[in-house]
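Reader: Hi! Could you walk me through the side-chain contacts in this one?
Author: Happy to, here it is.

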Amino acid sequence: MNNESLHQFLVLYTWFPLAALLFFMLLIARFYKIFSGHRTYFWYYGVVIVLFGIVAVRYASVGAVLGDTVTDIVSIIAGGLLTFLCAVLYHWMIRKNHQP
């Protein structure tokens with residue numbers, strides 16, 4: 001096993017725990033939407049999983065972590081969308097329920 005195949009394996013391997021964590025977040029947001037009625041945009045967590053999957057496959061195929069503009073743009077979009085989704089979920093679960 002050379003360094004390139006090890007890099008590809010590790011990049012693709014790290015996507016699976018990330019996808020599992022994001023799927024768990026999707027289930028939390030879905031559960032909260034069902035029982036509270038607030039919009040949590042839980043299906044967009046699936047979009048984030050797919051976007052991070054595209055990033056992982058692209059990084060594994062290119063072989064370089066830096067300098068690929070397309071991958072960097074997709075990664076920024078996925079990170080921004082995940083930040084928005086976490087902020088919305090935090091807003092509805094923590095901020096709105098504990099104000100007097």
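Author: What follows is a chat about salt bridges, aromatic pairs and a surface patch. This is a predicted model, where local features need pLDDT of at least 70, side-chain atom pairs count only at pLDDT 80 or more, and totals for chains, interfaces and linings use all residues. Residues are numbered from 1 along each chain as its sequence is written, and side-chain values use heavy atoms, with hydrogens and water left out.

Reader: Which side chains meet in a salt bridge?
Author: Those of R58 and D68, at 2.7 Å from N to O. This pair links distant parts of the chain, 10 residues apart: R58 belongs to helix α2 (residues 44-62) and D68 to the loop between α2 and α3 (69-95). Helices are DSSP runs (H or I, at least four residues), numbered from the N terminus.

Reader: Is D68 buried or exposed?
Author: D68 is buried, because its relative accessible area is 11%, while R58 is partly exposed at 33%. Buried means under 20% relative accessible area, exposed over 50%, and partly exposed in between (1.4 Å probe, protein chains only).

Reader: What else does D68 touch besides R58?
Author: D68 also touches V62, not counting residues up to four places away in sequence. Contact here means heavy atoms within 4.5 Å.

Reader: Switching to rings: how many aromatic pairs are there?
Author: There are 6 in the whole structure. One of them is W15 with F16, whose ring centres are 5.1 Å apart with planes at 75 degrees, so the pair is edge-to-face. Rings of Phe, Tyr and Trp (its six-membered ring) pair if their centres lie within 6.5 Å; planes under 30 degrees apart count as stacked, over 60 as edge-to-face and the rest as tilted.

Reader: And how accessible are W15 and F16?
Author: W15 is partly exposed at 22% relative accessibility, and F16 counts as exposed at 52%. Y41 and F84 form a tilted pair, 6.0 Å centre to centre and 45 degrees between the planes. Y41 sits in the loop between α1 and α2 and F84 in helix α3, 43 residues apart.

Reader: Nice! Which residues do ring pairs link into a cluster?
Author: Y41, Y44 and F84.

How values were computed
Salt bridge = Lys/Arg side-chain N within 4 Å of Asp/Glu carboxyl O. Helix = DSSP H or I, 4+ residues; strand = E, 2+ residues; numbered from the N terminus.
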